[in-house]
Amino acid sequence: MLVSNQITKTSAGVPRVAVGILLGVLAFGVFIVGFDQGEILGFTVPADGSGGEPGTNWAHEFYHDMRHAAGFPCH
Amino acid sequence: MKTIIFIAITLLAGAIAGTILGAINQVAVEPYIDHAVELEMQNTNQSNQIINPAEFTAYRLWQRGGEMLAGTILGLSIGSLFGIVFAYTHNSVPGSNNKKKALIVAGIMWFVLFLIPALKYPANPPAVGDPETIYYRQSLYVAFLVISGFSALGLAFLYRKMGALNIKKAIIPAVYAAIISGAYLAMPANPDPINAPMDLVIGFRITSAITISMFWGLLGVIFGTFWDKLNPSKTARISVR
């Protein structure tokens, strides 16, 4: 008679690599959507040619509406 | 735990929920933002600054279009935090399946990271807010967010340490309420006056709060469904004959 058992091993540990990657995504995403005032890509030419003043940077403006809608402070 | 599957379902759930948030905001929140930006432009015109209508239209298209991608990125980042919290807590969260557990975790995170900070520093449409105070307002918002988030985290550890003590169900929420009440009273208010019409501001706040709340609910449902289907906690199946 053939007996077959299947053991499923469940691990409670959370991989540190995954936590590190996800924390990186968290920090980057929250900063650019919620807090960037021209620091990210501020070196690029802003839409009005003002040289990267806060509030005029194109990357800042790209996330502008979601920043307001998500409750982050904005200009 | 299967690292790749865990990261994949976390990012995918966040991206889907965030993209849906961006799409719904196009219909629900954008009318308020459009109105507020028009008010800003009227104020700018009154101060004798010249605005090119074609440039203004392109500028608004850029901002509106960006909201979709911004929703995806915000979803990815909030989803990442959610995934980490769920991975560490799902074994101690009540619920018959992971979808229910994920909804409970999402509800707690929504309360701690969105609702509580919003009660002190509510969302404002573009016509509200002085550019000169932006870094100060950001500092206040982050400080309140950190107080709420880390208080909840610390109390969650304490809740676990208290083991089977029934009194913890009353003490832990009471301590959190005391910390938040103290912070609410101690921290300064938003320094900027509200010069925009209050019906616009209140309508914006309610609508954006509804869509963000919906995002948190969606995130929980989508993430929990993925977790149930792909269960990254299961690492190996060993057949013995």
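## Exercises on salt bridges in a predicted model

At 7% relative accessibility, Arg137(B) counts as buried. The structure is a predicted model.

**Exercise 1.** Determine which residue forms a salt bridge with Arg137(B), and where the two partners lie.

*Solution.* Step 1: the partner is Asp192(B), with the closest N and O atoms 2.8 Å apart. Step 2: Asp192(B) belongs to the loop between helix H6 (168-186) and helix H7 (198-230) of chain B, and Arg137(B) to helix H5 (residues 134-161) of chain B, so the pair ties together parts that are 55 residues apart in sequence. Step 3: buried means under 20% relative accessible area. Asp192(B), at 10% relative accessibility, therefore counts as buried.

**Exercise 2.** Find the salt bridges that Arg60(B) makes with Glu30(B) and with Asp34(B), and classify Arg60(B) and Asp34(B) as buried or partly exposed.

*Solution.* Step 1: the side chains of Arg60(B) and Glu30(B) meet at 3.0 Å, N to O. Glu30(B) lies in helix H2 (residues 30-46) of chain B and Arg60(B) in helix H3 of chain B, so this pair joins parts 30 residues apart in sequence. Step 2: for Asp34(B) and Arg60(B), the N to O value is 2.7 Å. Asp34(B), in helix H2 of chain B, is 26 residues apart from Arg60(B). Step 3: Arg60(B) has 7% relative accessibility and is buried, whereas Asp34(B), with 21%, is partly exposed.

**Exercise 3.** Identify the residues joined into one network by salt bridges that share partners.

*Solution.* Step 1: the search of the whole structure finds six salt bridges over all chains. Step 2: the network consists of Asp65(A), Glu30(B), Asp34(B), Arg60(B) and Arg64(B). Step 3: Arg64(B) is found in helix H3 (residues 53-89) of chain B, and is partly exposed at 24% relative accessibility.

How values were computed:
Residues are numbered from 1 along each chain as its sequence is written. Chains are lettered from A and ligands numbered from 1 in the order in which they are written. This is a predicted model: local features need pLDDT of at least 70, side-chain atom pairs count only at pLDDT 80 or more; totals for chains, interfaces and linings use all residues. Side-chain values use heavy atoms; hydrogens and water are left out. Helices (H or I, at least four residues) and strands (E, at least two) are DSSP runs, numbered from the N terminus. Buried means under 20% relative accessible area, exposed over 50%, partly exposed in between (1.4 Å probe, protein chains only). A salt bridge is a side-chain nitrogen of Lys or Arg within 4 Å of a carboxyl oxygen of Asp or Glu.
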